[in-house]
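This note is written for a colleague who is opening the structure for the first time. Please read the points below with the model on display.

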Amino acid sequence: MAKAYVNKFINFSNVDGPGNRFAIFLQGCNYKCTYCHNPETINMCINCLKCIDICQNNALKYDSFNNVIVYDENKCIDCSLCVKACMHTSDPRVKIYDIESIMNKIEKLKPFISGVTISGGECTLQNDFIYELGLKLKNIDLSLYLDSNGSFDFSKDDKLIHVCDKVMLDVKSFSDEEHIKLTKKSNEIVLKNLDYLLKSDKLYEVRTVIVSNYLNNHYNVDNISKIINNHNPNLRYKLIKYRPLGVLKNKLNLKTPNDDTMNELKNLALSNGLKNVIIT
Ligand code: SF4
Ligand code: SF4
């Protein structure tokens with residue numbers, strides 16, 4: 001039975017897909033985005049133990065026999081001091097769950113949710129878990145949405161496409177050079193996924209983060225919106241305003257775009273034919 005490294009659950013989310021959704025945030029990401037808002041989800045814990053004594057509530061203990069950190073959520077007051085102390089962009093509160101225990105949570109919430117969304121980190125790094133959970137969800141008529149940075153080639157995995165209803169895809173930059181500057185990885189597979197998921201009608205939305213003094217926003221929005229428009233002008237294109245909240249070190253002094261900039265970019269996407277462009 002597949003297991004998942006889970007950073008957190010949100011029982012009722014209305015920002016991770018349509019309706020009220022149970023959201024699972026998996027640990028681990030293969031990008032290192034300059035503007036990452038959840039840097040504690042990037043790496044797996046290496047058990048350096050530096051965060052243990054930071055916790056004043058005894059919510060963290062070291063199990064030397066199994067060489068793991070044991071997290072007691074009943075003692076945790078969610079102060080995040082342990083996360084701030086971690087120099088490894090990890091989180092001692094990550095827990096391993098099997099499918100059965102996650103399905104137990106979902107079944108209790110079923111009357112109140114319209115589906116499940118798996119986010120991260122980057123969820124496609126734990127595909128075995130996604131396959132199994134997706135099949136179980138189909139048996140109880142709940143939809144499965146994936147929130148992905150687009151680094152995994154969806155066209156090469158029929159099993160994944162079969163179990164997931166829709167994907168929320170980040171297209172962070174249209175320029176490969178800029179994408180590497182931002183994430184440390186090429187955008188080649190991301191753009192391939194954009195094309196493939198549009199043609200397969202598997203996209204719920206496409207998202208691009210706008211950063212005033214760091215990215216060529218006009219070039220990105222212009223090109224991405226043209227590609228979306230060629231396949232589905234009604235698909236939602238979400239333009240996300242960069243905000244420094246949660247960013248580990250804003251060493252590059254990234255700037256939040258003003259409303260005029262966001263509206264100009266929205267109008268650009270609309271002028272390329274898109275019907276559903278939103279700013280958040
Ligand atoms: S977030 Fe929880 S585990 Fe971390 S330091 Fe605070 S109380 Fe302790
Ligand atoms: S969460 Fe970070 S600080 Fe704590 S043990 Fe793991 S790697 Fe070390």
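Predicted model: local features only at pLDDT ≥ 70, side-chain atom pairs only at ≥ 80, totals over all residues.

The numbered points below take up a ligand site and then two individual residues.

1. Around ligand 1 stand Cys55, Asn57, Ala59, Leu60, Tyr71, Cys76, Ile77, Asp78, Cys79, Ser80, Cys82 and Arg93.

2. Asp78 and Arg93 are among the residues of the shell.

3. Leucine 81 belongs to helix H1, which comprises residues 81-85. Is leucine 81 buried or partly exposed? Leucine 81 has a relative accessible area of 41% and is therefore partly exposed, as the value lies between the limits of 20% and 50%.

4. A further point concerns leucine 81 and cysteine 51. These two residues are separated by 30 residues in sequence, and their C-alpha atoms are 8.2 Å apart in space.

5. Aspartate 222 is located in helix H7, residues 217-231. Aspartate 222 counts as buried because its relative accessible area is 16%, and buried means under 20%.

6. Which residues does aspartate 222 touch, leaving aside those up to four places away in sequence? They are Leu268 and Asn272. With asparagine 272, the side chain of aspartate 222 also forms a polar contact of 2.8 Å, side chain to side chain.

Definitions and conventions. Residues numbered from 1 in each chain as written. Chains lettered and ligands numbered in written order. Heavy atoms only, no water. Helix = DSSP H or I, 4+ residues; strand = E, 2+ residues; numbered from the N terminus. Buried < 20%, exposed > 50% of the residue type's maximum accessible area, 1.4 Å probe, protein only. Polar contact = N/O pair within 3.5 Å; in protein donor to acceptor, adjacent residues only side chain to side chain. Contact = heavy atoms within 4.5 Å. Near = heavy atom within 4 Å.
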